[in-house]
Amino acid sequence: MLQVTLDLSVEKVKALILQLPAQELLMLVDAIEERVETVAMMQLAKTGFEEWNKEGEDVYDA
């Protein structure tokens with residue numbers, strides 16, 4: 001499959017996004033919001049799993 005890489009600055013992406021019609025812009029905002037929430041939850045969960053990796057916490061290996 002052909003893969004295309006774009007070299008765009010944040011400002012260029014912002015300019016392109018702001019050209020979208022209102023309905024598509026709202027859909028994009030929803031998608032970005034969902035992604036940000038997922039990343040935030042993953043980062044939060046990561047701190048909980050770090051405790052399992054400590055030496056002597058082999059109770060979880062049983």
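Helices (H or I, at least four residues) and strands (E, at least two) are DSSP runs, numbered from the N terminus. The model is predicted: local features need pLDDT of at least 70, side-chain atom pairs count only at pLDDT 80 or more, and totals for chains, interfaces and linings use all residues. Residues are numbered from 1 along each chain as its sequence is written, and side-chain values use heavy atoms, without hydrogens and water.

**View 1. The protein chain has 2 helices and 0 strands.** Of its 62 residues, 0% count as buried (under 20% relative accessible area; exposed is over 50%, partly exposed in between; 1.4 Å probe, protein chains only).

**View 2. Leu2, Val4, Leu6, Leu8, Val13 and Leu16 make a nonpolar surface patch of about 620 Å².** Patch residues have over 30% relative accessible area and no salt bridge; nonpolar side chains (Val, Leu, Ile, Met, Phe, Trp, Tyr) are joined within 5 Å, like charges within 9 Å. A salt bridge is a side-chain nitrogen of Lys or Arg within 4 Å of a carboxyl oxygen of Asp or Glu.

**View 3. Leu8 sits in the segment before helix 1 (10-17).** Leu8 is partly exposed, at 39% relative accessible area.

Terms used
Accessible areas come from the Shrake-Rupley method with a 1.4 Å probe; for residues, only the protein chains shown count as cover.
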